[in-house]
Amino acid sequence: MSAPATPYFSLLGPVQAWHGEVALALGPPQQRLLLAMLLVRRPGVCELDELIDGIWGEESPRTAVGTVRSYVYRLRRILGPCLATEGRGYALGVPDAAVDLSVFEAEVTRARARVAAGDLGSGSELLERALRRWRGVPLAGLPGPFARIQRERLGELRLSVLLERLELDLVRGQHARLVPELALLCAEHPQNERLRSLRSTALERAGRPGEAGDTTAGAATGAAAGTRGRSAEPGGTSTGPGGGPAGSGSGSTGPGGGPTAPGTVSLPPPAQLPYTTSDFTGRDQDTADLLRTLRPDGAEAVVISAVGGIGGVGKTALALHAAHRLRAHFPDGQLYANLRGVREDPALPAGVLAAFLRALGVLDSAIPEGAEERAALYRSRLAGRRVLLVLDDARDFGQIEPLLPGSSACAVLVTSRSTLPELPAALRIRLDVLSSADAVTLLGRILGEARIAAEPAEAAAMAELCGRLPLALRIAGSRLATRPGWSLSAFLGLLEGRRSPFSATAAGEDGVEACFRLSYELLGADEARLFRLLALPDQEDAEAADAAALTGLAYERAEECLERMTGLGLLESPAPGRYRFHDLLRAFARARSAQEDGPEEQAAALSRLCDHFLASARNAYAVERPGHPLAGLLAPTRSPGTAVSEPGQGHRLFTVRHQSVLAVAVQTVRADPSSVALVADLVLALDPVLDGSFLWGALVEPARLMLGLARERGQTRAAGRLGYMLGGALYQLAQLDAAEAVLLEAEFDARNSGDPAVLTEVHNCQGLVWLGRGEYDRALELSGRAVETGDRCGNAWGAGNARTCRSVILAAAGRLGEAAATARLSLDSARTAGDPFRQIYALYALGTVARLRGLPDEAIEGLREGAELAARHGYSTFEVFHLGEETACHLAAGRPGDAVATGQRLLELARTKGWSFAEARALRLLGTALADLGETDRARELLTRAVELLAPMRPPEAAQARAVLDAL
């Protein structure tokens with residue numbers, strides 16, 4: 001006999017192929033696995049990435065693509081042209097008759113058709129013939145996730161068909177022949193209630209009821225629990241305990257007490273809810289909301305509630321806790337299904353419907369093939385019944401929709417890591433981690449209250465280290481509970497060390513890491529990469545623009561990925577456009593990044609983010625300081641940055657996240673020291689934000705570190721720019737000696753690197769340091785240099801700002817006429833340039849001059865104009881300046897009561913900002929006002945504190961405070 005043109009393939013056992021009687025050598029296991037994937041996907045195309053995932057899962061080697069192509073080449077030589085390349089995938093063009101799985105499925109379909117036509121004998125024979133095609137465990141000996149899933153799926157398929165045949169044979173009176181077969185099958189599948197029930201029925205009908213033993217009770221228990229145990233009468237009769245019909249004709253009843261429909265048996269109401277833990281903690285309001293919403297109250301439509309949140313936050317625990325409390329309200333039963341939404345093999349709606357139908361008394365032979373028909377029958381079985389459905393771990397709305405009942409007497413409780421926006425839920429609960437108190441309480445219920453009471457501080461620390469995530473708390477608590485001799489403090493060391501209990505190896509597939517990994521594996525390539533890289537920066541939250549910069553993705557694509565991750569519960573969105581991690585999810589993502597990205601890509605991602613920050617800060621700088629050339633002298637960027645169109649917008653953009661930006665700059669330069677020039681320019685570009693909102697305290701340590709790296713690498717320009725920023729911060733923090741030393745080095749670096757725009761700012765800041773010391777001649781000399789340098793290099797903004805500073809120095813030196821003229825010139829220049837920052841500063845300078853000239857009310861008018869302008873644009877630094885000068889004006893005008901009112905506001909604002917010099921000035925002014933009011937004790941207290949603060953930072957003002965104090 002000649003060999004057929006197409007080989008014959010077998011999947012119902014070890015993967016094999018034949019040409020006629022000749023077995024083909026199919027190669028090593030992974031090559032045979034690839035063939036199996038192509039056979040299962042027939043006639044569709046199996047993409048290259050799908051083949052790689054199916055063979056290796058997440059541990060694919062670098063050579064995976066080449067290996068797959070090599071396997072395809074070898075198989076093509078064995079099988080011939082039926083194996084074709086389709087784009088980036090492959091397809092196997094063979095007919096159904098050439099694959100034993102397809103032949104099996106076709107014979108089962110024909111058998112069911114015969115049964116439906118009433119020919120039970122022929123149907124049984126066809127099922128037996130189909131079952132004989134199985135040669136062992138399907139895909140035996142093949143590795144990888146695909147083979148594991150298919151073995152489970154095909155094993156369940158075979159068992160289902162076998163049960164159909166057994167039920168038919170029972171109906172045909174073959175009970176005596178079935179007894180030994182069922183005995184073997186029950187031994188093979190000891191937990192299968194359907195087999196136990198069939199064996200019990202066969203024994204009773206064979207006249208051997210005594211041999212059933214506990215099997216009958218077990219079957220009844222399984223039925224009451226919503227399992228598949230039941231009699232096998234397809235015509236609708238149910239066997240009673242004695243082996244005879246439990247009912248017939250119109251007298252037969254189903255689970256709801258009504259007549260039993262054809263193709264069904266009478267079963268107790270399903271009670272499928274899994275156990276709930278006795279140590280459930282917290283969630284009182286959430287529980288109350290679920291109970292109130294899900295109780296039947298005559299609603300016109302089915303009531304649905306959804307519980308969402310990240311993995312491990314306790315969604316299932318809450319759902320089951322509430323569902324058990326609702327059982328009495330749903331006397332017709334409770335159905336439960338784990339939909340495995342984050343698993344690689346999520347439950348198919350058709351399979352869940354079949355299980356629910358069985359629990360509702362529908363025989364396998366009466367369960368339709370199609371999912372839509374199953375859903376229709378399922379809704380019919382639930383009509384008018386009070387049944388509670390718990391659908392746990394749903395993937396998406398498409399998985400849930402076919403499972404929703406049509407009866408308004410039913411209620412549905414869904415849990416999912418996804419947000420399920422399409423679900424018509426009457427109540428949505430998004431679970432957060434436990435409160436600190438509830439987290440400690442849960443630990444106490446696991447460990448015992450005595451151990452918590454003995455070490456309360458350690459218990460609180462453990463709860464925080466677990467991120468107050470219930471799963472992490474349970475894992476840590478359970479490990480400690482098995483070690484009664486350990487103290488909590490000793491276990492904290494374990495949690496903080498390398499032997500963390502949150503790894504998959506420590507806690508198995510129920511560990512926190514394993515829990516998170518299930519959601520991670522649902523992500524596409526772009527999403528997974530963004531998830532990993534987004535966790536790297538030391539910032540509390542991120543924007544879509546940050547995500548785009550980290551990955552190089554387009555903004556729209558990055559936003560899509562962020563929304564998808566938020567929908568899966570991997571990210572939280574505390575405000576529109578902002579995203580953040582739970583602490584343990586961030587740790588998981590960073591660990592994945594270390595494994596999958598490596599140090600070079602991590603450093604590159606951080607540099608891209610700093611590039612974006614620099615572009616945004618440059619945009620803000622150009623608007624905040626019109627006429628300053630520095631915006632064009634910063635390093636070129638790939639990112640366009642966030643657009644800034646008006647003064648003050650840059651402050652709003654960076655003020656709330658300046659610490660994060662600086663932290664990322666430090667991270668970047670540590671990961672890649674060659675990026676020091678980039679981060680130096682980023683820090684320099686933040687000058688308007690730090691200056692306008694007095695955020696200097698956050699800069700000092702990062703600037704010191706970066707400055708040291710710049711000097712180590714010989715980056716003179718970067719060193720000059722960082723030195724200017726550090727020196728300015730130290731001046732603002734009233735550390736005058738340290739500021740002078742740093743600024744002297746910055747002057748040298750800026751001059752030697754040819755950076756006159758920065759040198760302008762260095763000289764101006766040096767002048768302010770000497771102003772603080774009361775050395776007015778030296779201060780005027782340096783401010784003059786700043787004006788000259790700025791004019792010479794075209795730094796109009798720097799020169800104008802230096803003139804305003806010079807007017808303040810002139811006023812302090814008593815040269816009031818020059819001071820007024822210089823300040824007016826600065827104000828006119830700022831108004832012409834449309835520069836609110838310099839306008840505010842010039843109004844402050846003019847107010848100081850007016851007060852010193854004995855015109856306090858005129859001064860206050862200008863100061864209030866400046867304060868209003870500062871508030872409008874977000875320059876909170878000048879709110880402090882102007883409030884302090886207004887307080888001094890009230891004192892000069894002989895209004896100490898008004899001075900106390902403004903001085904109190906000044907003191908509160910200074911302390912809020914952590915501005916020690918402004919606090920000291922407020923104490924001096926308040927003390928002086930109280931002395932004028934005769935409140936000497938309180939005045940003495942405030943002035944004493946003012947002298948202590950001002951002596952090291954502003955000697956001239958310390959002398960003023962001391963003079964008032966001495967006069968008391």
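Hi everyone, let me begin with the cysteines. The count comes to 0 disulfides in this protein, and please keep in mind that we are looking at a predicted model. Take Cys-82 as an example: its nearest cysteine sulfur belongs to Cys-46 and sits 15 Å away, so with a cut-off of 2.5 Å Cys-82 is in no disulfide. Is Cys-82 buried or exposed? Cys-82 has a relative accessible area of 15%, and because buried means under 20%, Cys-82 is buried. Cys-466 is another buried cysteine, with a relative accessibility of 0%.

Now let's step back to the whole chain. You can find 44 helices and 14 strands in the protein. How does its radius of gyration look beside that of a compact globule of 968 residues? Such a globule would come out near 30 Å, but the protein has 39 Å.

What share of the residues counts as buried? For this protein of 968 residues, the figure is 56%. As for charge, the protein carries 104 positive and 115 negative charges, and their mean positions are 4 Å apart.

Let me finish with some backbone details. Most peptide bonds are trans, and most residues other than glycine have a negative phi. Where does the chain have a cis peptide bond? Please look at the step from Arg-42 to Pro-43, where the bond is cis and omega is near -5 degrees. Pro-43 sits in the loop that runs between α1 (29-41) and β4 (46-47).

Next, phi. Arg-283 is not a glycine, yet its phi is positive, near 60 degrees. You'll find Arg-283 in the loop between α9 (215-224) and α10 (284-294). Why does Arg-283 count as buried? Because its relative accessibility is 13%, and the cut-off for buried is under 20%.

My last stop is Leu-420, in the loop between β10 (411-416) and β11 (427-430). Leu-420 also has a positive phi, of about 50 degrees, although it is not a glycine. With a relative accessibility of 4%, Leu-420 counts as buried.

Definitions and conventions: Residues numbered from 1 in each chain as written. Predicted model: local features only at pLDDT ≥ 70, side-chain atom pairs only at ≥ 80, totals over all residues. Heavy atoms only, no water. Buried < 20%, exposed > 50% of the residue type's maximum accessible area, 1.4 Å probe, protein only. Helix = DSSP H or I, 4+ residues; strand = E, 2+ residues; numbered from the N terminus. Rg over C-alpha atoms; globule rule 2.2 N^0.38 Å. Lys, Arg positive; Asp, Glu negative; His and termini not counted. Charge placed at Lys NZ, Arg CZ, Asp CG, Glu CD.
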